[in-house]
Amino acid sequence: MAGCDVLVVGGTHGNEVNGAWLVDQWREQPALLDTAGLSLALEIGNPEARAVNRRYIDRDLNRCFTPDLLNQGGQEVERKRARQLLAVHGPESATPCRVALDLHSTTAAMGNCLVVCGRRPADLALAARVQGALGLPVYLHEADAAQTGFLVEQWPCGLVIEVGPVPQGVLDARVVRQTRIALETCLQQLAAARAGRGRDPHSLVVHRHIGSVDLPRDQRNRLAAMVHPQLQGQDWQPLRGGAAAFELPCGETVPFALDRGEAWPVFINEAAYAEKRIAFSMTRREVWPFDSSWGRALAQLMT
């Protein structure tokens, strides 16, 4: 049996309800989604976690797509689901998909953005073209040994669509609308690449991951401070060393420790990252000239 062009996943995290709700609607009413003529596979990433409105049952599904976890077997819900998604839609399956688009939401004030995992040429081409069409910021996640195993990495091309802020478990019309617009724009750009009419922008602006920062802790490893009010909600804004980062219970400020230059924080005070000991992630804002090899890689993948 032939595969499909794009795997669209909602509900990879069970308490991120907006993408999963959209997948349900598109399954029941396909005309609600402009597919740009592409064939889609629609999946709920973690249906068991969704049923109980939890991020996951045993472990984060979006960290389960590492070779070690996939090959070790085991009966954890998320490990089994990762293997199942690959068995049905993965590159080596009987019905492979070319591209994976993973729909997420965040409690942080990120707006609508794209997340790229690594520097695969087709990923960069798609992100650059969507950025050119919608002006979305792009978070490039790489070189972080503590954060690996993302779903989109297992397909030849893949992006995460991230929209916020929205509380966990809350269906929000604004988030739904922005998610649909970003997804449809991705599909339009993929269809254009197939038709040989993709328009290359001059550059790609990325916020490249350079590390993560935990909240201050006391000697008993308990939280000793909060994200400072001046930092809260300032995702995608430059932060220099010495600026207010955290606030102690007494009201005293803990400054941001950075020797030189500036960092651009993202996922500030993301609720789901508390268990990962991440108060915010740091990035460097970089402008990369568009490389024609990126566009060729995407066109080759789609034809």
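Visitor: Why is L140 called buried?
Guide: In this predicted model, L140 has a relative accessibility of 1%. Buried means under 20% relative accessible area, so L140 counts as buried.

Visitor: Where does L140 lie, and which residues are in contact with L140?
Guide: L140 lies in strand 5. Neighbours within four places in sequence aside, L140 is in contact with V116, G118, R119, V206, H207, R208, H209 and W288. Contact requires heavy atoms within 4.5 Å. As for V205, 65 residues away from L140 along the chain, the two C-alpha atoms are separated by 9.7 Å.

Visitor: Which way do the residues of strand 5 point, and are they buried or exposed?
Guide: Strand 5 covers residues 138–141. V138 and L140 point one way, Y139 and H141 point the other way, and all are buried.

Visitor: What makes strand 4 and strand 5 a pair?
Guide: Two strands pair if DSSP finds at least two bridges between them. Strand 4 (residues 112–117) and strand 5 have 4 bridges, in the parallel sense, so by that criterion they pair. C117 stands opposite H141 of strand 5.

Visitor: How many bridges join strand 5 to strand 7, and in which sense do the two run?
Guide: Strand 5 and strand 7 (residues 203–213) are joined by 3 bridges and run parallel. The residue opposite L140 in strand 7 is R208.

Visitor: Which elements make the β-α-β unit, and what is its handedness?
Guide: The unit consists of strand 4, helix 5 (residues 121–134) and strand 5, and it is right-handed. The term applies because the path from the first strand over the helix to the second runs clockwise when the strands point away from the viewer.

Visitor: What is the strand order of the sheet with 10 strands, and which are the edge strands?
Guide: The order is 2-1-3-6-4-5-7-13-12-9, in an open sheet with mixed pairing. Strand 2 and strand 9 (239–240) are the edge strands, since each pairs on one side only. Within this sheet, strand 3 (residues 97–105) and strand 6 run parallel and are joined by 7 bridges; V99 has C157 in strand 6 as its bridge partner.

Visitor: Which helices lie on these strands?
Guide: Helix 5 lies across strand 3, strand 4, strand 5, strand 6, strand 7 and strand 13 (280–289), at about 40° to strand 6. Helix 7 packs on the sheet as well, touching strand 1 (4–10), strand 3, strand 6, strand 7 and strand 13, and its direction makes about 110° with that of strand 3.

Visitor: At what angle do the axes of helix 5 and helix 7 cross, and how is that arrangement classed?
Guide: The axes of helix 5 and helix 7 (residues 292–302) come within 7 Å and cross at roughly 100°. That makes helix 5 roughly perpendicular to helix 7, because angles of 65 to 115 degrees fall in that class.

Visitor: Which residues meet there, and how many belong to each class?
Guide: P121, A122, L124, A125, L126 and R129 of helix 5 meet S293, W294, G295, A297, L298 and L301 of helix 7. By class, this contact has 9 nonpolar, 2 polar and 1 charged residues.

Visitor: What makes the phi values of A36 and A143 worth noting?
Guide: Phi of A36 is near 60°, a positive value in a residue other than glycine. A143, likewise not a glycine, has a positive phi of about 55°. A36 is in the loop between helix 1 (17–28) and strand 2 (40–44), and A143 is in the loop between strand 5 and strand 6.

Visitor: How do you know that the peptide bond from G164 to P165 is cis?
Guide: Its omega is near 0°. P165 is found in the loop between strand 6 (157–163) and helix 6 (173–195).

Terms used: Residues are numbered from 1 along each chain as its sequence is written. This is a predicted model: local features need pLDDT of at least 70, side-chain atom pairs count only at pLDDT 80 or more; totals for chains, interfaces and linings use all residues. Side-chain values use heavy atoms; hydrogens and water are left out. Buried means under 20% relative accessible area, exposed over 50%, partly exposed in between (1.4 Å probe, protein chains only). Axes are lines fitted to C-alpha atoms, for helices over the stretch in contact, and angles run from 0 to 180 degrees between N-to-C directions. Angles under 35 degrees count as roughly parallel, over 145 as roughly antiparallel, 65 to 115 as roughly perpendicular and the rest as oblique. Ala, Val, Leu, Ile, Met, Phe, Trp, Tyr, Cys and Pro count as nonpolar, Asp, Glu, Lys and Arg as charged, and the others, Gly among them, as polar.
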